[in-house]
Every structure is written in C-alpha cells, then in structure tokens.
Amino acid sequence: MASAGSEEACREIRGACGTPRRLGLLLAPRSPAERQQIRAAYRATFGEDLAGTLHGTLVAMSNSSNQEDKLCRLLYLWALEPAERDAVVAREAVEGGVTVAGYRALVEVFTRRKQDQLFFTKQAYMARFRRNLDQDMVTEPSHPYQRLLLALAASHRSHHDDLSQHVAKCDARRLHDTKNSGAGSVVDEAVILEMFSKRSIPQLRLAFCSYKRIYGHDYTKALKINGSGEFEESLRVVVKCIYNPSKYYSKLLQRSMLSADKRMVTRAILGSDDVGIDEIRSAFKSCYGRNLADYIQENLPESDYRDFLVAVARGSVAP
C-alpha cells in the first residue's frame with residue numbers, strides 16, 4: 001500500500017503528465033530508488049504504470065517541438081527500471097547495424113551493471129524486442145568492441161563476489177607484460193580477452209588500480225605507447241568505463257553539451273544517474289574547474305529539456 005507521501009507525489013506527477021516541463025522538475029531530483037518507489041505507488045494508487053503513461057505522452061507529443069520531444073523521451077527512460085532502460089538503450093545501439101557510437105553505448109551498459117543486473121537487462125531486451133542481445137551485437141567482420149563485449153558477457157557467467165588483491169596484482173603484471181615493444185599491436189589481444197572473460201567488473205577495476213600502484217601510471221596511458229591500433233583504442237574506452245566511471249561520464253557529459261547528438265546526451269545523463277550525480281558533480285569540477293549545472297545552462301539553448309538537465313545536475317527542483 002502506498003504511503004500518504006507517495007500518494008501525494010503520485011497525484012502531483014499525474015497532474016503534470018501533460019506538461020513535460022513541470023513533470024521534469026518533479027522527477028529530476030529523485031534518485032533511482034525513489035523513482036521506482038513512486039512508480040510502484042503510482043500503480044497502487046491509479047492502477048496504471050507510470051512509465052506506460054509517460055510513453056503515451058511521448059507518442060502524443062511526437063509532433064511537437066524537437067526539444068519537447070527529447071524531454072518526453074528522456075522522462076520516459078527516467079521512469080524505467082535500470083534493466084528496462086538499458087534494454088531500450090541497447091536496442092537503439094544495435095538497430096540498423098552497430099556503429100562505433102553504438103558499441104560505446106553497449107560498453108557503458110555492460111560495464112556499469114553488476115553481473116546479475118546484466119542478466120535482467122538481457123531478459124528485458126528479450127521480453128521487449130523478442131531478440132537475443134548477444135546475437136544482435138555480432139557483426140561481420142567482427143569489431144574489436146564486439147570481441148571485448150562478448151568477453152565481458154562471458155565474465156558475467158563466471159562472476160564471484162569475493163575480490164582478490166593477489167589476483168589483481170597478477171593481472172596487473174600480465175597487462176604490463178602484454179605490451180609489445182615492436183611495431184604493430186601494443187597488446188596481446190588473446191590475453192586481454194581471456195582476462196575479461198574470467199573476471200568480474202569489480203575484479204578488473206581492482207586490477208587497473210593495482211597496475212597504477214605498481215607502475216605509476218594508468219593502464220590507458222600504457223596503451224598509447226608505440227602507437228595504437230583499433231583494438232587498443234577500443235580497449236582504452238572499455239578500461240576508462242570500468243576504472244573510473246565518474247570521470248568517464250563527466251567527460252561524456254562535457255562532450256555531449258557541445259554536440260548536437262541527443263543520444264550522446266541521453267547516454268551521458270543516464271550513465272551519470274547510475275554512477276550517482278554527487279560523484280559526477282565532483283568529478284566534473286575536478287576535470288574542468290566548473291560547476292556542472294552552470295556548464296549545462298551555458299552550453300545548451302534555453303528549453304524545458306535544458307532546465308530538466310540543470311535540475312538533475314543540481315539535485316533539487318528548480319524554482
């Protein structure tokens with residue numbers, strides 16, 4: 001049964017469903033857990049699914065201004081459970097053939113979820129689209145991102161919660177030893193894929209931390225030595241996502257503000273929401289010396305869509 005506070009929030013949200021700006025400012029400060037509580041309370045109070053209601057609003061607003069349409073779509077994703085919205089993002093990434101940007105979106109999904117959560121993402125993908133996500137990622141000829149993703153997918157089947165400092169140090173030394181001092185590939189791809197297929201995301205993160213402690217620099221910097229091929233470039237992105245997600249999404253947010261690519265903005269804000277907006281604000285300040293909300297306000301044209309992103313960055317409802 002919904003609490004009195006939840007019921008009041010639901011009634012406010014229901015009354016705002018036809019007004020994207022108002023709805024956005026109501027939902028922007030809510031954490032992922034709070035939004036799911038509201039969604040459950042909304043169903044209990046009105047017998048309707050909030051995400052379904054927002055999807056109906058999205059369809060109804062599809063002929064409106066581009067900025068309003070973008071806000072409605074983002075609000076719909078904002079209301080979904082993590083597995084559901086990851087499934088939607090993944091489908092967009094593979095639809096019509098996987099591009100480099102699509103592979104990066106998939107990398108973000110695969111690296112920010114715990115192993116059991118990714119299982120639910122694949123289930124949601126199958127339920128929504130009647131397709132197998134792993135199969136939809138496959139292209140011919142295979143792309144380095146594809147090979148890395150399939151290795152990570154295998155690691156989800158062999159996940160163990162216990163982390164090992166000893167294994168992390170051994171993996172760090174293996175990463176160092178795979179470097180090739182000659183021309184051509186910097187790393188031994190087979191070694192990397194084997195490691196990724198046998199380690200959980202937290203264990204890989206621990207290995208990259210050990211690498212920096214042992215060798216004094218990030219593994220991504222080592223990948224630049226003696227040039228870098230397509231596999232190394234792809235590997236660098238995957239490592240950044242795993243090793244320091246708050247820094248990765250801070251930089252993605254900064255790039256997306258300067259880009260007209262609305263999917264990049266969506267990826268950046270959803271990823272930031274998963275990592276935690278407080279961490280993102282701190283990382284953005286550290287990287288760029290700027291307040292995130294102010295940066296968004298200065299770099300996007302005035303619109304309800306921009307005001308929603310600003311409210312998310314501030315973590316409170318805009319006046």
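Is Lys221 buried or exposed at 55% relative accessibility? Lys221 counts as exposed, because its relative accessibility is 55%. Exposed means over 50% relative accessible area, buried under 20%, and partly exposed in between (1.4 Å probe, protein chains only).

This is a predicted model: local features need pLDDT of at least 70, side-chain atom pairs count only at pLDDT 80 or more, and totals for chains, interfaces and linings use all residues. Residues are numbered from 1 along each chain as its sequence is written, and side-chain values use heavy atoms, without hydrogens and water.

**View 1. Lys221 and a positive surface patch.** Lys221 sits in helix 14 (residues 219–222). Helices are DSSP runs of H or I, at least four residues, numbered from the N terminus. Patch residues have over 30% relative accessible area and no salt bridge, with like charges joined within 9 Å. A salt bridge puts a side-chain nitrogen of Lys or Arg within 4 Å of a carboxyl oxygen of Asp or Glu. Helix 16 (residues 245–257) gives the largest share, 3 residues.

**View 2. Glu84 in helix 6.** This helix spans residues 82–94. Glu84 counts as buried because its relative accessibility is 18%. Leaving out residues up to four places away in sequence, Glu84 touches Arg39, Ala124 and Arg128. Contact means heavy atoms within 4.5 Å.

**View 3. Leu152 in helix 10.** The helix covers residues 144–155. At 0% relative accessibility, Leu152 counts as buried. Beyond residues up to four places away in sequence, its contacts include Phe110, Phe196 and Val238. Ser200 is 48 residues apart from Leu152 along the chain, yet their C-alpha atoms are separated by 8.0 Å.

Terms used: Patches are made of residues with over 30% relative accessible area and no salt bridge: like charges are joined within 9 Å, nonpolar side chains (Val, Leu, Ile, Met, Phe, Trp, Tyr) within 5 Å. Accessible areas come from the Shrake-Rupley method with a 1.4 Å probe; for residues, only the protein chains shown count as cover. Lys and Arg count as positive and Asp and Glu as negative; His and the chain ends are not counted. The place of a charge is taken as NZ of Lys, CZ of Arg, CG of Asp or CD of Glu. Helices (H or I, at least four residues) and strands (E, at least two) are DSSP runs, numbered from the N terminus.
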